[in-house]
Amino acid sequence: MNDSSWQPEPVPAGPAYDAQVGPHTRPMPIVPDAAGRDFDDREARDRGAAADGGPLFRAETPPQEPMPSPPPPHAPQPQDSSPPPKKRAGRDLRAAIGVGVGLGAVIFASLFVVKAVFVGVIVVAVVVGLWELTSRLQEKKGIKAPLVPLAVGGAAMVIAGYVRGAEGAWVAMALTALAVLVWRMTEPPEDYLKDVTAGVFAAFYVPFLATFVAMLLTADDGPQRVVTFLVLTVVSDTGAYAVGWRFGKTKLAPRISPGKTREGLFGAVAFAMAAGALCMEFLIDDGLWWQGLLLGLAVAVSATLGDLGESMIKRDLGIKDMGALLPGHGGIMDRLDSLLPTAPVVWLLLAAFVGTG
């Protein structure tokens, strides 16, 4: 059959058909409301509005809040009356000063009572410093520098330097390095070279450099030489902090220590040179003021380099402080950073100026 000739069959009408489909299947007539809308459409809209939680009869669009008018182009802007933030130190100054005074009292009391007691203070500082350094190396880098031979050898190094001088210190340093090599052999060979290298570095960095403080003490005016060494280092750090905090603008080494400035370095040099002239004139036997100027300059440079060196180590380890033993200061190593490299500089210059006797 051709599609164009096809027609749908007519729908039957009448009672027979009604009986066939049933009495309840006849559709209801659609009655438009007063607005001309179908009742079914209006009922569906009302159900949707009720489901949305709104009223059945609402405006097509909610009333809009009036937009605030922009201020005139030349209107004065409100000024912030809050005071600018003050410069703050990075540490608790009260705790730092209290701990510093306490350590100074212990050092001076041991210096001028019995020299051997001060040697014991150096040994304690060395052992604690080695513990902090090796602990941070293992925590942050997985480097296992053996602490036992380092602590025993470090203590022996300081005592040998005090008793036998530079020769005894070098012999103790060599034996300590050998002990580190042998002690590490008791563990698996993995990372052996890395561990023993770190151990030898720790032996040189902490106890060997600290031995020069004990060697300063062996002279007749040994306590005065140690006081000169400590005072110049502390004054250098204080001058750098005070001048840098007040006038510092140009960074000295931003990638290593962002807080240090060139102005702070100039302050360290000026303060240390002035203190050096006074110490050499009034504390050191046969010392001259101009020698103190050179000594102060050398101390300011070595103390700054020592501080930057430890900052480099802490940057590599990803830590702020080596420890938390001293409130306001960090750890022992955070206080020895400037002292350790300065000790051989002071010992050498004093030996050149006034001898070692």
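## Helix packing and a strand hairpin

Helix H5 (residues 147–183) and helix H6 (residues 192–217) pack at an angle of about 170°, their axes 9 Å apart. H5 is therefore roughly antiparallel to H6 (angles under 35 degrees count as roughly parallel, over 145 as roughly antiparallel, 65 to 115 as roughly perpendicular and the rest as oblique). Sorted by class, the contact of H5 with H6 has 22 nonpolar, 6 polar and no charged residues. Ala, Val, Leu, Ile, Met, Phe, Trp, Tyr, Cys and Pro count as nonpolar, Asp, Glu, Lys and Arg as charged, and the others, Gly among them, as polar.

The model is predicted: local features need pLDDT of at least 70, and side-chain atom pairs count only at pLDDT 80 or more, while totals for chains, interfaces and linings use all residues. Residues are numbered from 1 along each chain as its sequence is written, and side-chain values use heavy atoms, leaving out hydrogens and water.

Helices (H or I, at least four residues) and strands (E, at least two) are DSSP runs, numbered from the N terminus. Axes are lines fitted to C-alpha atoms, for helices over the stretch in contact, with angles from 0 to 180 degrees between N-to-C directions.

H5 bends by about 150° at Arg-164, the angle between axes fitted to the seven residues ending there and the seven starting there. Between its end C-alpha atoms H5 spans only 10 Å, whereas a straight helix of 37 residues would span 54 Å at 1.5 Å a residue (1.5 Å times one less than the number of residues).

Two further helix pairs involve H10 (residues 332–354).

| Pair | Axes come within | Crossing angle |
|---|---|---|
| H6 and H10 | 8 Å | roughly 50° |
| H7 (residues 222–247) and H10 | 10 Å | roughly 130° |

H6 and H10 are therefore oblique to each other, and so are H7 and H10.

Strands E1 (residues 251–253) and E2 (residues 257–261) run antiparallel, joined by 2 bridges; strands pair if DSSP finds at least two bridges between them. E1 and E2 form a hairpin with 3 residues between them, and Ala-253 has Ser-257 in E2 as its bridge partner.
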